[in-house]
Amino acid sequence: MAWSFCGWSWKENKLFELALAMVDEKHPERWEVVAAMVGGDKSAGDVQEHYVILLEDLHVIESGKVDHKLGGIQPKEESLCLPDDDE
């Protein structure tokens, strides 16, 4: 099974995380630079939307709405992004 996060591969997510760490949030073309660092067909809009989803997921985790049982994560409510078996 390949993991996909809202249509993003594991590699794309890792590049995304690295780019976020490297590109200043006040950079006037932040999302364009992040998209270029991720590569592939991700646009500035795609990476900005992915960032918003990341922030929403962090909010859910920090609010205690995620149940950590037996080493796994079991959402208490519908998740925004789930593993995709098709990729």
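Keep in mind that the model is predicted. Let's start with the overall layout. The chain has three helices and four strands. How do the elements run from the N terminus on? The order is β-β-α-α-α-β-β. So much for the order; now the whole chain in numbers. There are 87 residues, and 24% of them count as buried. The accessible surface comes to about 6300 Å². Carbon and sulfur atoms account for 55% of that surface. On contacts, take the pairs at least 6 apart in sequence. Of those, 44% join residues at least 24 apart.

Now the helices. Look at α3, which covers residues 44-62. Two other helices meet α3, and I'll take them in turn.

First, α1, residues 10-22. Its axis and that of α3 come within 12 Å. The two axes cross at roughly 90°. Angles of 65 to 115 degrees count as roughly perpendicular, and α1 and α3 therefore fall in that class. Which residues of α1 meet α3? They are N13, F16 and L20. On the α3 side, the partners are V47, H50, Y51 and L54.

Next, α2, residues 30-38. Here the axes of α2 and α3 come within 8 Å. The crossing angle is roughly 100°. This pair is therefore roughly perpendicular too. From α2, the residues in contact are R30, W31, E32, V34, A35 and V38. They meet A44, V47, Q48 and Y51 in α3. Notice V47 and Y51: they are on the list for α1, and they are on the list for α2 as well.

Which residues make the nonpolar surface patch? L54, L55, L58 and I61 do, and the patch is about 320 Å². L54 also belongs to the α3 residues that meet α1. Then I61, which is found in α3. Is I61 buried or partly exposed? Its relative accessible area is 47%, so I61 is partly exposed.

Last stop, G7. It sits in the loop between β1 (4-5) and β2 (8-9). At 40% relative accessibility, G7 also counts as partly exposed. G7 and H50 are 43 residues apart along the chain. Their C-alpha atoms are separated by 9.8 Å. And H50 takes us back to α3, where it is one of the residues that meet α1.

Terms used: Residues are numbered from 1 along each chain as its sequence is written. This is a predicted model: local features need pLDDT of at least 70, side-chain atom pairs count only at pLDDT 80 or more; totals for chains, interfaces and linings use all residues. Side-chain values use heavy atoms; hydrogens and water are left out. Patches are made of residues with over 30% relative accessible area and no salt bridge: like charges are joined within 9 Å, nonpolar side chains (Val, Leu, Ile, Met, Phe, Trp, Tyr) within 5 Å. Accessible areas come from the Shrake-Rupley method with a 1.4 Å probe; for residues, only the protein chains shown count as cover. A salt bridge is a side-chain nitrogen of Lys or Arg within 4 Å of a carboxyl oxygen of Asp or Glu. Buried means under 20% relative accessible area, exposed over 50%, partly exposed in between (1.4 Å probe, protein chains only). Axes are lines fitted to C-alpha atoms, for helices over the stretch in contact, and angles run from 0 to 180 degrees between N-to-C directions. Angles under 35 degrees count as roughly parallel, over 145 as roughly antiparallel, 65 to 115 as roughly perpendicular and the rest as oblique. Contact means heavy atoms within 4.5 Å.
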